[in-house]
Amino acid sequence: MADVFGKERSALHRLVAQSASRPYYRPLTARGAEVELDGRTVVMAGCNDYLGLSADPRVTEAAARALRRYGVSCSGSRVLNGTLALHEELEGRLAAFVGGEAALVTTTGFQANLALAALLDERDAVFADMSNHASLVDAVRLGGAAHHRYRHRDLGHLGRLLAASEPGRGRLIVTDGMFSMEGDLCPLPGIVELARRHGARLVVDGAHDIGLLGARGRGVSEHFGLIGEVDLVTGTLSKCFGSVGGMLVGPASVVEHLRHSARSVLFSAAMPPASAAAALASLRIIESEPERRRRVFGHARRLLAGLRSLGWDTGDSTTPVVPVYVGDSRLCLRVWQELLDAGVFTNAVVAPAVARNRALIRVTPQAIHTDDHISRVLDAFARVRRGLGPLLPAPGVPGR
Ligand code: PMP
């Protein structure tokens, strides 16, 4: 008889089991711009705390105050017993910041995206970028809508899929704002125009861009001058906000519907008090310290230019998500290990997070990095390139 515990290992599990590199689930014993791993201090170049707020004293102090006042947990879901005034304050502030009538905060960004399932049913058609985050893919599956995936950032393909879809269906376009692995931006002006032309609603996941993009950090909509043109914005508090939590920002009627029907909200414990207080403190810093954005973008530009001049392929990124395409998954794990040996912690990203043969090392600078940290990252990549030389693909080659 089949045994559900006896399933074959996933491709990722097999890859890791066969490799001498150990890039995943590594326990750190200290965190910051530098981290401690196995008793060694290395540069942290693989963390989405872009603005470096997770350990900012103003943020940790706000979290500590909330912890002392409310305890560690709300011990229940928002709907029954887990709502604090802090959650409502955060919702009001996020709605104003992102640019929507109302907001709903959730326990994680993944749950915010899963909540979208409550807007969908089998009569609807969703048009989704192929590189969208896994949580958006799962939301569409859970909602039971027809799922049409268009090639990454390909407006022509999106337009053709929209034109070919059955009339009468509810239509929703869903895209990441800034892509979490490629570091490029969705072509928002073209998407807004297609949404209007085809009567589709538009959801943008701003997990990586809220706090980071736009003059005031209001995200990809501000970057393109399109605040108010996206129907619903989702996001996370675990990246630029240095906390944990998720958000949905949009029309009050839609947010109210989600509050009472999204199963990922109704049936899961609320965001902890310390996380809500930390996010509020971070939002104040995001609004008042634009130099943090300038600093992290400066680091990103230096990394992108430096890596390209060393012969690495960094794709189309223009942001602090700096992908370094390696192509082959095994080679990617090896590159990761050699970078670590050279004193730099990065992220090894392989399938299913990216397409097979598109494995990459993700490098993410933070505002708290010094120029010396960035030099150390570039030195490590130079050293690995010298060591592995002929094994590595030439720029532009790996399955692009
Ligand atoms: N959307 C995107 C684009 C993400 O990168 C992530 C985090 N990896 C999420 C959603 C989920 O956010 P969280 O970590 O808060 O669950």
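How many of the 16 residues of H12 are buried? The answer is 13, so H12 is largely enclosed by the rest of the structure. Buried means that 20 or more other C-beta atoms lie within 10 Å of a residue's own; exposed means 12 or fewer, partly exposed is in between, and C-beta atoms are placed from the backbone.

The model is predicted: local features need pLDDT of at least 70, side-chain atom pairs count only at pLDDT 80 or more, and totals for chains, interfaces and linings use all residues. Residue numbers start from 1 along each chain as its sequence is written.

**View 1**
H12 has 16 residues. From first C-alpha to last it reaches 23 Å, close to the 22 Å expected at 1.5 Å a residue. The expected span is 1.5 Å times one less than the number of residues in the helix. Helices (H or I, at least four residues) and strands (E, at least two) are DSSP runs, numbered from the N terminus.

The arc is that of the directions from the helix axis to the C-beta atoms. An α-helix has 3.6 residues a turn, so residues three or four places apart point the same way. Contact here means C-beta atoms, placed from the backbone, within 7 Å. Just after H2, Gly71 takes a positive phi of about 90°.

**View 2. The shell around the ligand.**
The ligand is surrounded by 14 residues. The closest are Gly109, Phe110, His133, Ala207 and Thr236. Helix H5 (residues 109–114) gives the largest share of the shell, 3 residues. By class, the shell has 2 nonpolar, 10 polar and 2 charged residues. Ala, Val, Leu, Ile, Met, Phe, Trp, Tyr, Cys and Pro count as nonpolar; Asp, Glu, Lys and Arg as charged; the others, Gly among them, as polar.

**View 3. Domain 1 and domain 2.**
Domain 1 covers 11–44 + 290–391, and domain 2 covers 57–288. These bounds come from an automatic or database domain assignment. Their centres, taken over C-alpha atoms, are 27 Å apart. The contact takes 15 residues from domain 1 and 9 residues from domain 2. On the domain 1 side, strand E11 (322–327) and strand E14 (359–363) each supply at least two residues. By class, that side has 8 nonpolar, 4 polar and 3 charged residues.

**View 4. Helix H13, residues 291–309.**
H13 has 19 residues. Its reach of 27 Å, first C-alpha to last, is close to the 27 Å expected. Arg292, Arg293, Val296, His299, Ala300, Leu303, Leu304 and Leu307 are buried. They cover an arc of only 135° around the axis, which puts them on the same side of H13. The buried residues of H13 pack against E11, E14 and helix H15 (371–388). Glu291, Arg294, Ala305 and Ser309 are exposed on the other side. Gly311 follows H13 with a positive phi near 100°.

**View 5. Ala348 and its contacts.**
Ala348 lies in strand E13. This residue is buried, with 27 other C-beta atoms within 10 Å. Ala348 touches Pro23, Cys332, Leu333, Trp336 and Ile361, not counting residues up to four places away in sequence. Ala348 and Leu333 are 15 residues apart in sequence and 6.2 Å apart in space, C-alpha to C-alpha.

Tyr25 has a positive phi of about 55° although it is not a glycine. Tyr25 lies between H1 and strand E1 (28–30) and is exposed, with 6 other C-beta atoms within 10 Å. Arg153 also is not a glycine, and its phi is positive, near 60°. Arg153 sits in the loop between strand E6 (146–150) and helix H7 (155–164). With 20 C-beta neighbours inside 10 Å, Arg153 counts as buried. The peptide bond from Ala351 to Pro352 is cis, with omega near 10°. Pro352 is in the loop between strand E13 (347–349) and E14.

How values were computed. Near = placed C-beta within 6 Å. Contact = placed C-beta atoms within 7 Å.
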